[in-house]
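Here is a short briefing for a first look at this structure. Keep the sequence and the model side by side while reading.

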Amino acid sequence: MKIAIAGKGGVGKTTIAAWLGDYLNRQKKQVWLIDADTAISLGPALGLSLDEVPIPLVNNKKLIQERVGTGVFINLNPDVEDLPQKLAKDVRGMKLLVMGTISGAGAGCGCAANALLKALLAYMILRSSQWMIVDLEAGVEHLGRGTITSVDGLVVVSEPSIRGLQTASNISRLAKDLGLKKQVLVLNRADDDFKLPEDIPLPKLAAKVPYLESLAERQKSSSCVLDLPEVEAIDKICEKIIQEIKK
Ligand SMILES: Nc1ncnc2c1ncn2[C@@H]1O[C@H](COP(=O)(O)OP(=O)(O)OP(=O)(O)O)[C@@H](O)[C@H]1O
Ligand SMILES: [Mg+2]
């Protein structure tokens, strides 16, 4: 099963991606976690120090040149089959692939980096049968129709505010336009009694995540979001998200 996570900046996408991965990993599933966002957030959220995080694919100039080429002679259909194993970092038994975003690519190599990133992401999503969690940047449109529609579900994360929910609604509509029909909403840092506004079209609510004091406290000294005292409650939230996508 493949799940992509999208939402406005700072809403908790990476945290929820890490929780989902960790939950599935403890269920003895082989999990691939793909950081397709600002490059170095998912690794630290899993507990890696910055120097343990692999360099993002978009910054791997040598590999980009080798597979895609440069200038006008770029190969838009590069060989990527060997890359998942080659580039993945093992974290607690999960496989972490750090891709980064196109905006993170150095000047001049954006186009080639884009080609490699897209090809690898498409390969992973279309060909692999393993559990995969993709931590996306806010938009989903850069993925393109073929790739994004092949994920089993999109988790749209939002905070319980009108502006946040409007952004979530926009992301959801864009994804729907691309053909990604299976979507669920996760409200993060939400009180249990928060009621969704009826006039904003949103995916079906799968779960509410409360504000976690323990996580806020933890983040003062560590970037890791795992092994919190609330792990049982977090596992239940992850299970609800997965079940809702499966429906
Ligand atoms: N339910 C929560 N309770 C307390 N803190 C939280 C909660 N969810 C997320 N956080 C904290 O909020 C911060 C932002 O979360 P996170 O990095 O997951 O968001 P993001 O959507 O991935 O952000 P970005 O857009 O920058 O990638 C982190 O420090 C995270 O630990
Ligand atoms: Mg993030």
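**Ligand 1 and its surroundings**

An oxygen atom of ligand 1 lies 2.5 Å from an N or O atom in the side chain of Arg-189. The protein covers 78% of the 630 Å² of accessible area that ligand 1 has on its own. Note that this is a predicted model.

- Gln-219 also reaches the ligand: an N or O atom of its side chain is 2.8 Å from an oxygen atom of ligand 1.
- Asn-188 places a polar side-chain atom 2.9 Å from a nitrogen atom of ligand 1.
- There are 17 residues around ligand 1, and Lys-13, Thr-14, Thr-15, Arg-189 and Gln-219 come nearest.

**Positive phi angles**

- Most residues other than glycine have a negative phi.
- Arg-189 has a positive phi, near 55 degrees. Its place is the loop between strand 7 (183-188) and strand 8 (204-209). Arg-189 is partly exposed, at 38% relative accessible area.
- Lys-28 is not a glycine either, yet its phi is positive, about 65 degrees. Lys-28 sits in the loop between helix 1 (13-26) and strand 2 (31-36). Its relative accessible area is 76%, so Lys-28 is exposed.

- Asp-135 belongs to strand 5 (residues 131-136).
- Asp-135 is buried but has no salt bridge. Lys-13 is the nearest side chain of opposite charge, 5.8 Å away.
- The side chain of Asp-135 does make a polar contact with the side chain of Thr-14, at 2.6 Å.

**Salt bridges**

- Side chains of opposite charge can pair when their charged atoms come close.
- The count here is 12 salt bridges.
- Asp-22 and Arg-26 form one of them, at 3.0 Å from N to O. The two are four residues apart in helix 1, so about one helical turn separates them. Asp-22 is buried, at 6% relative accessible area, while Arg-26 is partly exposed, at 37%.
- Asp-22 and Arg-26 are also part of a salt-bridge network with Arg-92, Asp-227 and Asp-235.
- Arg-67 forms a salt bridge with Glu-66 at 2.9 Å, N to O. Arg-67 is buried, at 13%, whereas Glu-66 is exposed, at 52%.
- Arg-67 also forms a salt bridge with Asp-82, with the closest N and O atoms 2.8 Å apart. Arg-67 lies in helix 3 and Asp-82 in the loop between helix 3 and helix 4, so the pair ties together parts that are 15 residues apart in sequence.

Note on methods. Residues numbered from 1 in each chain as written. Chains lettered and ligands numbered in written order. Predicted model: local features only at pLDDT ≥ 70, side-chain atom pairs only at ≥ 80, totals over all residues. Heavy atoms only, no water. Buried < 20%, exposed > 50% of the residue type's maximum accessible area, 1.4 Å probe, protein only. Lys, Arg positive; Asp, Glu negative; His and termini not counted. Salt bridge = Lys/Arg side-chain N within 4 Å of Asp/Glu carboxyl O. Polar contact = N/O pair within 3.5 Å; in protein donor to acceptor, adjacent residues only side chain to side chain. Near = heavy atom within 4 Å. Areas by Shrake-Rupley, 256 points an atom, 1.4 Å probe, with all protein chains shown as cover.
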